[in-house]
Amino acid sequence: MPETESQLINLYEHPGHLLRRAQQISVSIFYDEMGTELTPVQYAMLRNLAAQPGIDQVSLAAATGIDTSTGATVCARLEEKGLLERKVIPTNRRQRALTITAEGEQLLEALIPGSQRLRRRILAPLTGPEQLQFMELLTKLVQENNEQSRAPLAPRDTVR
């Protein structure tokens, strides 16, 4: 056993537990700063769609790191809210091409200040250099473990 590893009796020595707690905190701050019109996953899907107009539903789910059935449900909800449009792709009738609506674009624009506050609040306990290091390490952790996910992110070159 490495010297840095105890018997892991203390739950707060488990990275997975700390990541789950960090996610809970992040979601709570998300709703504080962004309101309740969108869930964090809906926001991520809409933000990715804005960067990749016309993307198909399956590819958008992959770019967001969620499974295709959840992606379909999220897209249906965003469509119900008038934030995106889904159209059947003539060459592949099982797929739907997505476009963000003007209302969706306006909502994303209105949420920019909230997303900036959200980022600042989450990272506030860290110094400036620690924030940069944390983001670099968190990005590395996610990228290097991507294939372990039940819904791996699409390769970086297809995600903007």
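Hi everyone, let's start with confidence: in the protein chain it is lowest in strand β2, at a mean of 85, and highest in helix α5, residues 102–123, at 98. That score is pLDDT, the predictor's confidence in each residue, from 0 to 100. The mean pLDDT of the chain is 90, with 91% of residues reaching 70 or more.

As for ground rules, this is a predicted model, where local features need pLDDT of at least 70 and side-chain atom pairs count only at pLDDT 80 or more, while totals for chains, interfaces and linings use all residues. Residues are numbered from 1 along each chain as its sequence is written, and side-chain values use heavy atoms, with hydrogens and water left out.

Now the overall layout. The protein chain has six helices and two strands, in the order α-α-α-α-β-β-α-α from the N terminus. These elements are DSSP runs numbered from the N terminus: helices are H or I with at least four residues, strands E with at least two. The C-alpha atoms fill a box of roughly 60 × 35 × 25 Å along the principal axes.

On to the strands. β1, residues 84–89, pairs with β2, residues 92–100, in the antiparallel sense over six bridges; pairing requires DSSP to find at least two bridges between the strands. Together they make a hairpin with two residues between them. Lys87 stands opposite Ala97 in β2, and Val88 has Arg96 as its bridge partner.

Next, what packs against α5? One partner is α1: the two axes come within 8 Å and cross at roughly 145°. Here axes are lines fitted to C-alpha atoms, for helices over the stretch in contact, and angles run from 0 to 180 degrees between N-to-C directions. The α1 side of this contact includes Phe30 and Asp32, and the α5 side includes Leu118 and Arg121, where contact means heavy atoms within 4.5 Å. By class, the residues of the α1 and α5 contact are six nonpolar, three polar and four charged.

Another partner is α2, residues 40–51, which packs on α5 at about 115° with the axes 11 Å apart. Tyr43, Leu46, Arg47 and Ala50 of α2 meet Gly104, Leu108, Leu111, Ile112 and Ser115 of α5. That contact divides into six nonpolar, two polar and one charged.

Finally, how many salt bridges are there? The count is four, taking a side-chain nitrogen of Lys or Arg within 4 Å of a carboxyl oxygen of Asp or Glu. One of them joins Asp32 and Arg121, whose closest N and O atoms are 3.3 Å apart. Asp32 sits in α1, residues 15–34, and Arg121 in α5, so this pair ties together parts 89 residues apart in sequence.

Methods
Nonpolar A, V, L, I, M, F, W, Y, C, P; charged D, E, K, R; others polar.
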